[in-house]
Amino acid sequence: MFAVEVRHHIMIAHSFRGEVFGPAQRMHGATFVVDAAFFARTLDAQGLVVDIGRATDALRAVLAPLEYRNLDEMPEFAGQNTTTEFLAAHVHRELARHCRGAGLGRDEADLASLRVTLSESHVARAWYEAPIG
């Protein structure tokens, strides 16, 4: 399996509901390093999984609406604990849209899967991995 991975970061604010979250129930900030790994069983005719520049641009575009936002105030997240795991799946869904129709220089049918990893710190991270289609 071949892979290309690109990285960006976001800074957000949010809070959680539920005693399990302890002090994180209060408003707090988080800085996430976000990695997106595109997997393919074969390389294309140019020897690529996807175009790195397009993949980087797509990741930045997906993260832009979240940057410096209080996620508790975003209507699409109403009533949702925006955990690291939840956000990884959200970014995956949005990034998968950019893959459709050769948006990254290769048809999404040629890609095996996409993994989105959000690192909260050097010791904690979560990811979501699934086929793109």
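# A guided tour of the predicted model

Begin by selecting Asp-35, which is found in strand 2 (residues 28–40); strands here are DSSP runs of E of at least two residues, helices are runs of H or I of at least four, and both are numbered from the N terminus. This is a predicted model, in which local features need pLDDT of at least 70 and side-chain atom pairs count only at pLDDT 80 or more, while totals for chains, interfaces and linings use all residues. Residues are numbered from 1 along each chain as its sequence is written, and side-chain values use heavy atoms, with hydrogens and water left out.

**Stop 1: Asp-35**

Is Asp-35 buried or exposed? Asp-35 counts as buried because its relative accessibility is 7%; buried means under 20% relative accessible area, exposed over 50%, and partly exposed in between, using a 1.4 Å probe and protein chains only. Display the side chain of Arg-7 as well: the side chain of Asp-35 makes a polar contact with it at 2.6 Å. A polar contact is a pair of N or O atoms within 3.5 Å; within protein, one must be able to donate a hydrogen and the other to accept it, and residues adjacent in sequence count only if both atoms are side-chain atoms. Not counting residues up to four places away in sequence, Asp-35 touches Glu-5, Val-6, Arg-7, Arg-115, Val-116 and Thr-117, where contact means heavy atoms within 4.5 Å.

**Stop 2: the sheet**

Now colour the chain by secondary structure. The protein has 2 helices and 5 strands, and its elements run β-β-α-β-α-β-β from the N terminus on. The 5 strands form an open sheet in the order 3-1-2-4-5, with mixed pairing; two strands pair if DSSP finds at least two bridges between them. Strand 3 and strand 5 stand at the edges with a single partner strand each, so one side of each is left without a neighbour in the sheet.

Select strand 1 (residues 2–14) next; strand 1 and strand 2 pair in the antiparallel sense over 13 bridges. Ala-13 has Gly-29 in strand 2 as its bridge partner. Helix 1 (residues 52–63) packs on the sheet, touching strand 1 and strand 2, and its direction makes about 20° with that of strand 1. Helix 2 (residues 84–99) also packs on the sheet, where it touches strand 2, strand 4 and strand 5; its direction makes about 140° with that of strand 4. For these angles, axes are lines fitted to C-alpha atoms, for helices over the stretch in contact, and angles run from 0 to 180 degrees between N-to-C directions.

**Stop 3: strand 4 and its partners**

Select residues 113–119, which make up strand 4; 6 of these 7 residues are buried, so the strand is largely enclosed by the rest of the structure. Strand 4 pairs with strand 2 in the antiparallel sense over 7 bridges, and with strand 5 (residues 125–130) in the antiparallel sense over 6 bridges. Strand 4 and strand 5 form a hairpin with 5 residues between them.

**Stop 4: the nonpolar core**

Which residues of the largest nonpolar core touch the most other members? Of its 34 residues, they are Val-34, Phe-38, Leu-66 and Leu-95. A nonpolar core is a set of buried Ala, Val, Leu, Ile, Met, Phe, Trp, Tyr and Cys residues joined through side-chain atoms within 4.5 Å. Strand 1, strand 2, helix 1, helix 2 and strand 4 each supply at least two residues of this core, and helix 2 gives the most, with 7 residues. Centre the view on Phe-38: leaving aside neighbours within four places in sequence, its contacts include Val-6, Val-49, Ala-55, Leu-95, Leu-104 and Leu-114.

**Stop 5: Tyr-68 and Asn-70**

Move to Tyr-68, in the loop between helix 1 and strand 3. Tyr-68 is exposed, with a relative accessible area of 63%, and its phi is near 55°, a positive value in a residue other than glycine. Most residues other than glycine have a negative phi.

Asn-70 lies in strand 3 (residues 69–70) and counts as buried at 19% relative accessibility. A polar atom of the Asn-70 side chain lies 2.9 Å from the backbone nitrogen of Asp-72. Asn-70 also touches Ala-13, His-14 and Met-27, not counting residues up to four places away in sequence.

**Last view: the whole chain**

Zoom out to finish. The C-alpha trace spans about 50 × 30 × 20 Å along its principal axes, and buried residues make up 43% of the 133 residues.
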